[in-house]
Amino acid sequence: MAAVPLPSVPIPFEAAADALRPGFTPRAWDSGPPVATARFGLWVFLASEAFFFAGLLAAYIVLRGAAGTWSLPLDRGLGVVFTALLAACSLAAGLGARCLTTGARAAGSRWILVAAAFGAAFVALQVHEWQHLLQSGFTPRASLAAACFYVLTGAHGLHVLAGVVWLAVAGFAARREGARTLPAELAVLYQHFVDAVWVVLFLILYLLP
Amino acid sequence: MSPTTHSAAGAAHQRGWLRTWVFSTDHKVVGIQYLVASASMLLFGGLLAMAMRWQLAWPWTEMPILGKLLFPATGRVISPAFYTSLFTMHGTAMVFFAILPLLTGAFGNFLIPLLVGAPDMAFPRLNAASFWILLLAMGLFLAGFFVEGGAASAGWTSYPPLATLPSAAPGSGAGQTLWLLAIVVSGVASILNALNAVVTVVKMRVPGLTWMRLPLTVWGLFVAAVLQLAALPVLTAGGVLQLADRWIGSAFYTPMGLMVNQFAPDTAGATGGVPLLWQHLFWFYSHPAVYVMVLPAMGMVSDILSVNARKPVFGYRPMVWAIAAIAGLGLIVWGHHMFTSGMGLEIGRAFMISTMMIALPSAVKTFNWVATIWGGRIRLTAAMCFALGFVALFVIGGLSGIWLAATPVDVYLHDTMLVVAHFHYIVFGGTVMAVFGALHHWFPKMTGRALSETLGRVHCFGTFVALNCVFLPMHQLGIAGMIRRTADPNVYALYQHLEPLNRFVTWSAFALGAWQLLFLVNVVWSLRSGIRVGRNPWQASTLEWEAPSPPGHGNFDRDLVVECGPYEYGDAVGTNDWRPQAKRT
Amino acid sequence: MRHLAAAAIVLLSAAVIVFFALSPGQGWWLPPAASTIAQPIDALFDGILITATVGFVVVMALLAWAVWRGARPRADRARTVHGHLGLELGWTAAIGAVLVTVALAQLPTWAALRDPAAMPAGGATATVLAQQFAWRFGHAGDDGVLGTADDIETASELVLPAGEPVLLTLRSRDVIHSFFVPALRVKQDVVPGRAIPLWFTIKEPGTYELVCAELCGLGHHAMAGRVRALSRDEYDAWLALQSRARLSTGSEDRR
Ligand code: HEA
Ligand code: HEA
Ligand code: CUA
Ligand SMILES: [Cu+2]
């Protein structure tokens, strides 16, 4: 087997590397859709996140279908409060994003910090609810329903926590003149998603049983 | 984006070795990091396979040299418990830490920006992060060998309750916990990686590079990334539930009233859990995952075939549609892994039919490959040899899949060695052959030097022969009823006459393993003294060949404008027999 | 080079076919069929084998030929062909038809295996209890009812009547196992928390090995058992003997 005995086209292995064109700065092109790359990336990420929660919910449905009894001694009133908190959070975040896009930095970042506060309140309240339930003997090993409750709210709660941190950091950073506002806007988008997920959890955990 | 007037190697002088090769965010460096890490895992998984083969040929006999190092405790003999860990870790290492990262990580990172004319991935830092997260996952995975009870031992499929109850198997203690963590963490890495791939392909194509002008390699990698984004989170969810069962005492997968090793597991669920739930969540991901392990390979093979046949890919659009169809159907066939789990009549029917249908797009691709080289001017480069090998072996692996898809036949063949034969033909005969081919094809672009063609062909033919000797007889073993995951086939009178076959397979496996070292030799030798190449050693038309070899930071040193499809070869494309995608300026 | 490449493909195909052709003679093939369901299953197996062989030979022949012709040295260029709609539609339709046919062919047998309507009523029944790493079986005692105090219990050997449909109920005590009798072509996972029915008809009296097919721990490879098929009268005699033995010894091995 000689070097490379090739038919029609011999491979010009040795082809001299033609001179590089010095001082050229390669460009990154944008082939649409007309949104910031980072924002588009977040969309894709959230789609993937949606599948994560879909997986958990599918498991919830299967387990619930298999189980004989299914009791969740949850306080609906509290559930409403949770929902209200996250609604407020989304609202404030949305306003903040609006302000940022219209250039009102100070107001924007203030609203976003308010949103972060609401989110923080949600997490704090949830921790409190957990403590209460655990003391009342409603532990993960008590029943499948309980276990599902803790996994679902736990997974969601961690997402809220992440959102809060992101909102706080990005919202604070956005106030400085000349700072990029996109991170804050993305944090807001993410928070909207997390809040939307809560609505589903509220439905299946607090309302339906 | 810094100027591109220096190659990665040149960059070393300016930015220091560490920042160039270790803490770099350049997609090419990250890709090569992925390549080294996952190739090492391939090697490691291969070594585990050698140990398994030893056991299956000469059960409970002292292993010559390695035995002393590996299992002094059990008198140089593989213990039953260790055998279960062996195939569990082999399968996991190969699927999650070798093949998936090789395709989506190594080639995905290295090729996607080059093939779409982008200076880098969309999110370079995220990209680098994904590699380090994967490395962490690999660490957790390997740590399993050193914890009490040994590595996970419930199979790469980790079915509960065997996997979830520490009392059920030694490896189901700390080992299984580490296994789960490794899977979840590597999942995070894969998601970031897939995210990057999708965004890069959608947002960063150079002007003129429309969707229907993308090389099939990009299509394969892109669709594989989409599959990852859709299916992987579901496995993560399942993994979270398994971790919950271990950590917070829930009983998602543990039914009531079990007696394991004389005592009941302390998961006092008021209502018992559902073991089959895990199987659904696992296969909802792991079936698509097998297509993630083949779609990019198919794409790269299509490119290699076309370039070296000096002829356009036959039926480009059907090829793209086939990729899409495989991915789409791939999401609704997972049940074919569970035909014997007590699945109902209608559901079984539905899963069988969808599974049969998924053979159709694969068949279309096969015939298009043949038509692509039909009447071509074939250059039998090493890459081409591997690509041809891929087609031949994929067909064998695919056809045995039809047996398995047929529910009544699968009732007999399920969990026999035929299943093992089936997927090794596709995964080693197919994907790994494609990976070797792709390495020969793109190594010049990665390093500026070509791998030795002669050594490459020798390696190819040897591997081709050896792996057939390894995996062909496995069909017979399975048809004769020999179950998989058995540490000693001779326990059953039924299997004793299969011993010669098992021994033959093992000898062949040793040959196969040893032969792979040729490749390592080739890599090492070529890195130092391989032929230096120009930008386009294969006279290929896709964009990566516009860049210097190896491309500097930022890849390209001129603005590219694409004016034609990726496969313009033959007599009707201009003065040469090939026409570059990028307009000549 | 091209000789090698084309030869490799041809030799591979030849090797595959020859090896498959020789295997039955070596006993490296489906074990002798001992149940009524075995015939249709083996027939489907052969049907797919033939279909696949045809597909395989066609593809390999075309592949080898394309390499052989294409790789010979020549100066001219290949024709720039981008595709051919007719061909694409043609082979899509052809393979599609083949696959649909294959799929439909499976349905009756699948129904015979799984359709609750096909479940034998009355007739012989027994319970199977799988555990790490042993099989235990239960037959109805004199009262003819399963799960009562006078049940007959056996371990590792399941005695059944030949020539008539039998209905088993599979339970597991710990992890997932799988009830696999190669000669009978039946395999059913035994899933803890569920009682899964399994039915078949053994043709001839005889002893058939029972294999655990689902990984169930470090003893999985050794979780062996037997199915012993007797003629109806022998079976009745055996039952009677067992119950008498139970009464005389009064053995109470409840779990
Ligand atoms: C890259 C990996 C890969 C790929 C591509 C495939 C492809 C296919 N697989 Fe495979 N499979 C695995 C990896 C893969 N598989 C793994 C890892 C397992 C085991 C997991 C475990 O349990 O550990 C498995 C297990 C598995 C099972 C479960 C077996 C069991 O456990 O009982 C089934 C059942 O339906 C199946 C079917 C198929 C089918 C129908 C295809 C089809 O896509 C194949 C289609 C291709 C062709 C058909 C060939 C080309 C076509 C022609 C040449 C035209 C002529 C064809 C005809 C005339 C029919 N596979
Ligand atoms: C996905 C990829 C993959 C690959 C490539 C392999 C490769 C091999 N496998 Fe693997 N195998 C699996 C996936 C894979 N396997 C899975 C998922 C299972 C099921 C596990 C379970 O049951 O839970 C399994 C199970 C399995 C069994 C069944 C065990 C049992 O059920 O009891 C056996 C038995 O022979 C086996 C053997 C082999 C052999 C001999 C190879 C040989 O091909 C190995 C030869 C390769 C090498 C020696 C390394 C070569 C690599 C290099 C030299 C590095 C090259 C560098 C670059 C590429 C850059 N494997
Ligand atoms: Cu019981 Cu395997
Ligand atoms: Cu599958």
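Reader: What distance separates the iron atom of ligand 1 from the copper ion (ligand 4)?

Author: The iron atom of ligand 1 and the copper ion (ligand 4) are separated by 4.5 Å. Please keep in mind that this is a predicted model, in which local features need pLDDT of at least 70 and side-chain atom pairs count only at pLDDT 80 or more, while totals for chains, interfaces and linings use all residues. Residues are numbered from 1 along each chain as its sequence is written, chains are lettered from A and ligands numbered from 1 in the order in which they are written, and side-chain values use heavy atoms, with hydrogens and water left out.

Reader: Which donor does the protein give the iron atom of ligand 1?

Author: The iron atom has a single protein donor, NE2 of His422(B), at 2.2 Å; donors here are N, O and S atoms within 2.8 Å of the metal (3.2 Å for Na, K and Ca), and since water is not among the atoms, sites may look incomplete. His422(B) sits in helix α14 of chain B, where helices (H or I, at least four residues) and strands (E, at least two) are DSSP runs numbered from the N terminus.

Reader: And what are the protein donors of the copper ion?

Author: The copper ion (ligand 4) has His287(B) through ND1, and His336(B) and His337(B) through NE2, lying 1.9 to 2.1 Å from it. Along the sequence these donor residues follow the spacing H-x48-H-H. Because His287(B) belongs to helix α8 of chain B and His336(B) to the loop between α10 and α11 of chain B, the pair ties together parts that are 49 residues apart in sequence.

Reader: Where does ligand 1 lie, between which chains?

Author: Ligand 1 lies between chains B and C. It is surrounded by 31 residues, the closest being Tyr291(B), Asp410(B), His414(B), His422(B) and Arg484(B); a residue counts as near a molecule or strand if one of its heavy atoms lies within 4 Å of it. By class, this shell has 20 nonpolar, 9 polar and 2 charged residues, with Ala, Val, Leu, Ile, Met, Phe, Trp, Tyr, Cys and Pro counted as nonpolar, Asp, Glu, Lys and Arg as charged, and the others, Gly among them, as polar.

Reader: Which helix gives the largest share of the shell around ligand 1?

Author: The largest share, 8 residues, comes from α12(B), and α8, α11, α12 and α14 of chain B each supply at least two residues of that shell. An oxygen atom of ligand 1 is 3.3 Å from a polar backbone atom of Leu404(B), and an oxygen atom of the ligand is likewise 3.3 Å from a polar backbone atom of Ala405(B).

Reader: Switching to ligand 2, how many residues surround it, and which are the closest?

Author: Ligand 2 is surrounded by 35 residues, of which Tyr83(B), His90(B), His424(B), Val427(B) and Arg485(B) are the closest. This shell divides into 24 nonpolar, 8 polar and 3 charged residues, and α2 (27-57), α4, α14 (417-447), α15 and α17 (499-529) of chain B each supply at least two of its residues.

Reader: Which side chains have an N or O atom 2.8 Å or 2.7 Å from an oxygen atom of ligand 2?

Author: In the side chain of Arg53(B), an N or O atom is 2.8 Å from an oxygen atom of ligand 2, and in that of Tyr83(B) the distance is 2.7 Å. A polar backbone atom of Arg485(B) is 2.6 Å from an oxygen atom of the ligand.

Reader: Now the interface: what area is buried between chain B and chain C?

Author: About 8,800 Å² is buried between chain B and chain C, with carbon and sulfur atoms giving 73% of it; buried area is the accessible area (1.4 Å probe) that two parts lose on being put together, summed over both. On the chain B side, Arg377(B), Tyr412(B) and Tyr492(B) lose the most area to chain C, together 8% of what that side buries. In terms of contact (heavy atoms within 4.5 Å), 117 residues of chain B meet 92 residues of chain C.

Reader: How many salt bridges are there between chain B and chain C?

Author: There are 2 salt bridges between chain B and chain C, a salt bridge being a side-chain nitrogen of Lys or Arg within 4 Å of a carboxyl oxygen of Asp or Glu. Asp76(C) and Arg377(B) meet in a salt bridge, at 2.9 Å from N to O.

Notes
A polar contact is a pair of N or O atoms within 3.5 Å; within protein, one must be able to donate a hydrogen and the other to accept it, and residues adjacent in sequence count only if both atoms are side-chain atoms.
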